[in-house]
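Colleague: Could you take me through this model, beginning with the terms we need and then going on to the contacts?

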Amino acid sequence: MDKFATSGLTPLRSDLVDAPYAAEFPIVLECRLLQTIEIGLHTQFIGEIVDVKAESDMLGKTGSPTS
């Protein structure tokens, strides 16, 4: 299933990772997968944040997220 088509979100291509992100999201963390660990019925994904995209109204005067 095409999750973007089903949800109505707009996919945008990342410059740093091989995965799209949604244009409608005000904050995006782009991560590079480092490791996967099988934990019983679940899989734990460990990654490194390589880029952060945030709309300016989501940030305070110092550039930090607002509360």
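Modeller: A residue counts as buried under 20% relative accessible area and as exposed over 50%, with partly exposed in between. Please bear in mind throughout that this is a predicted model.

Colleague: With those limits in hand, is D51 buried, exposed or partly exposed?

Modeller: The relative accessible area of D51 is 22%. Buried would require a value under 20%, and exposed a value over 50%. Because 22% falls between these limits, D51 is partly exposed.

Colleague: Which residue meets the side chain of D51 in a salt bridge?

Modeller: The structure holds 2 salt bridges. In one of them, with an N to O distance of 2.5 Å, the side chain of D51 meets that of K53.

Colleague: Which strands each supply at least two residues of the nonpolar patch?

Modeller: The nonpolar surface patch, of about 360 Å², is made by I27, L29, I49 and V52. I49, for instance, lies in strand β4. The strands that each supply at least two residues of this patch are β3 and β4.

Colleague: Turning to E24, which residue's side chain does its own side chain join in a polar contact?

Modeller: E24 is found in the loop between β2 (21-22) and β3 (27-39), and at 38% relative accessibility it counts as partly exposed. Leaving aside neighbours within four places in sequence, E24 is in contact with G8, L9 and T10. Among these, the residue whose side chain is joined to that of E24 by a polar contact of 2.7 Å is T10.

Colleague: And what separation do the C-alpha atoms of E24 and P11 have?

Modeller: E24 and P11 are 13 residues apart along the chain. In the predicted model, their C-alpha atoms are separated by 8.9 Å.

Conventions
Residues numbered from 1 in each chain as written. Predicted model: local features only at pLDDT ≥ 70, side-chain atom pairs only at ≥ 80, totals over all residues. Heavy atoms only, no water. Helix = DSSP H or I, 4+ residues; strand = E, 2+ residues; numbered from the N terminus. Buried < 20%, exposed > 50% of the residue type's maximum accessible area, 1.4 Å probe, protein only. Contact = heavy atoms within 4.5 Å. Polar contact = N/O pair within 3.5 Å; in protein donor to acceptor, adjacent residues only side chain to side chain. Salt bridge = Lys/Arg side-chain N within 4 Å of Asp/Glu carboxyl O. Patch = residues over 30% accessible without salt bridge, like charges linked within 9 Å, V, L, I, M, F, W, Y side chains within 5 Å. Areas by Shrake-Rupley, 256 points an atom, 1.4 Å probe, with all protein chains shown as cover.
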